[in-house]
Amino acid sequence: MNSNLSILDYNLGNIHSITNAAKTVGFTPKVVKTADEVLSSDKLILPGVGGFKDAMNKLNEDGLSQSLKEYVSSGKPILGICLGMQLLFEESEEHGNHTGLGLVKGKVKHFPSVDGYKIPQIQWNQVKANPQAKLLAGISEIEHFYFLHSYYIDCEEPNGIVSTSRYCGMEYCSAVEFGNVLGTQFHPEKSGDKGLKVLENFYKFGE
Amino acid sequence: MKTKRIIARLDVKNETLVKGVHLEGLRVLGFPSAFAEHYYSEGVDELLYMDVVASLYGRNGLIDLVKRTAKNIFIPLTVGGGIRNEADVTALLNSGADKVCINTAAVKDPSLIKRLSDKFGASTIVVAIECIKDTDQSYKVYIDNAREYTGLEAISWAKQVAELGAGEIVVTCVDPEGTGKGLDNELVDKIASAVSIPVIAHGGVGKPEHVADLFEQTCADACAIASMFHYDAIHKVEFDGEGVHGNTNFLNSKATKKNLTPCSIPELKQHLHRKNIIVR
């Protein structure tokens, strides 16, 4: 099995945690920074903590947006985590309207303000997983994962939604799987054994 | 769906796990990484490392510990103690911390909160507030592990902290801290209702009922617990006293502690489940 994994470092977020977690499930992770490195990757994780606009600016400046699109059209797997998952979508309303990578149809929106719910959501929330999803294989239908975010994805392609969660009185998309384009709103690298299981599924993905 | 978080707090001095009373009078309990691994295996939701002497001596000795912890523990890790500037935060995040916790430096220069929040994201910045009830019944803010009085009023400082862009607040109830007498729920609720960001309550948990009371009587989002877990773990974590500096008399005696019902993480979570409080 090819254990190569590229983790894109675009100066946003904690690369350390995801690198350690990837090693634990069998990957040989490499932190990459350039468009060429993205294109020559076998498997890719797009992490991210921080703002949508800053992230897209950085990806556009360094030619990474284009290389990510080319990488995905070659059919190789990508896993976006948290902000990294949101970047896969068309646009975000975080501090104005900003265009995303547009690999999946949908928009990133702010959680509505509802009494008793704090924003950002910082908690282990339940994930209602589709047992058919490759990314969520072996995850029981209701499992807790660690979330940390203020914006959620309004996904326009329901077929690819493989898990949902509830916050602010609404149900939202917490993981997607569109062919080779995968994403989790939660942090698998911070969700204990179950999170490692999701990363292990990504390790086995496509084999 | 709102799940309450149970956080194990580990006070660290010279790379040793310690625990005091009112944040003072520290006893050596063992190696923090061994306790952290034990809590992770028991299903704790987060870890909080506090270098309890760092702000006093103006240094930061947690980096190696954080690196070791991040290698095999896959839950959120917050690190605090002695953080003064952007460079300190960068160093901790690059070592594997997910969030950093600031107190003294934030009081001395509140604009630091905004600068750190802008640079690293609000969700990375936790502000600790050490509170003591004044003779006029108002709560006042202390720094340097409650050694120094600031004159700041706690609720308005909490609001300011939230406005400046902090992602979370840790409220330490200094009066009951380390005594096992229970949290100051009045204080926690005042702060948790005054801000729209998550609030972690800390200081005084001595038995599982105290945690249930906290979540039933306040809108706190999480509870950070030290003694109650440590005095349970102390019998389960291997420790031979080698290479440890500090007061180990207590440790060697394997004594128990007054006002404290040692409790494991699964035992606490079962107790909360029975009370219909949602935890992982």
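Student: Does B:Arg115 count as buried, exposed or partly exposed, and what is its relative accessibility?

Tutor: The model is a predicted one, and the values are computed from it. Buried requires under 20% relative accessible area and exposed requires over 50%. The side chain of B:Arg115 falls in between and therefore counts as partly exposed, at a relative accessibility of 36%.

Student: Which side chain meets that of B:Arg115 in a salt bridge?

Tutor: Side chains of opposite charge can pair when their charged atoms come close. Here the N to O distance is 3.2 Å, and the pair links distant parts of the chain, with B:Arg115 in helix α6 (residues 111–120) of chain B and its partner in helix α4 of chain B, 29 residues apart. The partner is itself partly exposed, with a relative accessible area of 23%, and the residue that meets B:Arg115 is B:Glu86.

Student: With which residue does B:Asp98 form a salt bridge?

Tutor: B:Asp98 lies in the loop between α4 and β6 (99–102) of chain B, whereas its partner lies in the loop between β13 and α6 of chain A, so the pair joins two chains. Both residues are buried. The closest N and O atoms are 2.7 Å apart, and the partner is A:Lys190.

Student: At what distance does the side chain of A:Ser191 reach the backbone nitrogen of A:Tyr146?

Tutor: A:Ser191 lies in the loop between β13 (181–184) and α6 (192–204) of chain A, and A:Ser191 is buried, with a relative accessible area of 1%. Leaving aside residues up to four places away in sequence, A:Ser191 touches A:Trp124, A:Phe145, A:Tyr146 and B:Phe74. The side chain of A:Ser191 reaches the backbone nitrogen of A:Tyr146 at 2.8 Å.

Student: Within what arc do the buried residues of α3(B) fall, seen down the axis?

Tutor: The buried residues of helix α3 (residues 63–72) of chain B are B:Leu65, B:Val66, B:Thr69 and B:Ala70. They line one face of the helix, because, seen down the axis of α3(B), they fall within an arc of 125°.

Student: Which element of chain A do the buried residues of α3(B) pack against?

Tutor: In chain B these residues pack against several elements, including β1 (5–13), β4 (46–51) and α4 (86–95). They also pack against an element of chain A, namely α1 (15–24).

Notes. Residues numbered from 1 in each chain as written. Chains lettered and ligands numbered in written order. Predicted model: local features only at pLDDT ≥ 70, side-chain atom pairs only at ≥ 80, totals over all residues. Heavy atoms only, no water. Buried < 20%, exposed > 50% of the residue type's maximum accessible area, 1.4 Å probe, protein only. Helix = DSSP H or I, 4+ residues; strand = E, 2+ residues; numbered from the N terminus. Arc of directions from axis to C-beta. Contact = heavy atoms within 4.5 Å. Polar contact = N/O pair within 3.5 Å; in protein donor to acceptor, adjacent residues only side chain to side chain. Salt bridge = Lys/Arg side-chain N within 4 Å of Asp/Glu carboxyl O.
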